[in-house]
Amino acid sequence: MARKRKLESIKDYERALRNKYGKEVGENYKPWLRVSDVDSHGRSSIVHGIKSKRDHHFLSDIETRLFYFLEYSRYAVDIREQFPLFPLDLVMQTAKAAAIPYPYVPRTKTPSVVTTDFLVTLRSGGYLAIAVKPSDKLCDARVCEKLEIERLWWEQLGVKWILVTEFQVPVPTANNLRWASQPFRKDASLLTELREYTDELTEYVHQIDIGKYEISSVIETIAVDFDISGEPGIQIISATL
């Protein structure tokens, strides 16, 4: 387990940036906040990414579930979680212009680093910023103020920002995606075997509402139609679901 990092002062932020937290892309990206950096309430998780080939750090169940949806999406090519908003002074100016009190670290009174839960690089070349919050937290005025800082920041940069709650990431579908992709998180070599089936199989699978049917029934149907059998075959089918 990695040790907890201090993020309570400007010097802490500068050190984190020198160590490339919140910078780079793909497998070289390091999230601003890791699971070990925050107090856990049993909802944090680390998932190895198939697209990024690195470990992703999530601080809630909803974030984890949404990640499986994003990895499944053909439109997402890179997924960066816990993405920090910098430069700090410009983010603070954004909040001030909107008359929103900027958040501070309670113990040191240092301006906090606002983070966006996901910054997704799109195949089209643009970006999508996503904030994730349980719906019951949206009754809290201060939570909404912080979300507004995020929204305004990305709006200034011309990046679409959306808010996602548990209602947009149904548990059964997320669990199916997690189950189906698990073999490839453990053994990336299976992706090589997948390539000969990729185009035709992916087109076939994307016509199926995998949140509607039992995953075992979907796999059985595809296996019969494509004459794929055995455990490797099942794993190949699972990767496209």
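This is a predicted model: local features need pLDDT of at least 70, side-chain atom pairs count only at pLDDT 80 or more; totals for chains, interfaces and linings use all residues.
Local features were taken at pLDDT of at least 70 and side-chain atom pairs at pLDDT 80 or more, whereas totals for chains, interfaces and linings use all residues. Residues are numbered from 1 along each chain as its sequence is written, and side-chain values rest on heavy atoms, without hydrogens and water.

Helices (H or I, at least four residues) and strands (E, at least two) are DSSP runs, numbered from the N terminus. Helix 2 (residues 61-72) spans 17 Å from first to last C-alpha, close to the 16 Å expected (1.5 Å times one less than its number of residues). Of its 12 residues, 9 are buried (under 20% relative accessible area, 1.4 Å probe, protein chains only), among them I62, L66 and F67.

Strand 5 (residues 127-132) is also mostly covered, with 5 of its 6 residues buried. Strands pair if DSSP finds at least two bridges between them. Strand 4 and strand 5 run antiparallel and are joined by 4 bridges, with T121 opposite Y127. Their hairpin has 4 residues between the strands, and G125 takes a positive phi near 105 degrees. Strand 5 pairs with strand 6 (residues 160-164) in the parallel sense over 5 bridges, and I130 has I162 as its bridge partner.

The lining of the largest pocket comprises 16 nonpolar (Ala, Val, Leu, Ile, Met, Phe, Trp, Tyr, Cys and Pro), 15 charged (Asp, Glu, Lys and Arg) and 7 polar residues (the others, Gly among them). Helix 4 gives the most to this lining, with 4 residues.

Note on methods
Buried means under 20% relative accessible area, exposed over 50%, partly exposed in between (1.4 Å probe, protein chains only).
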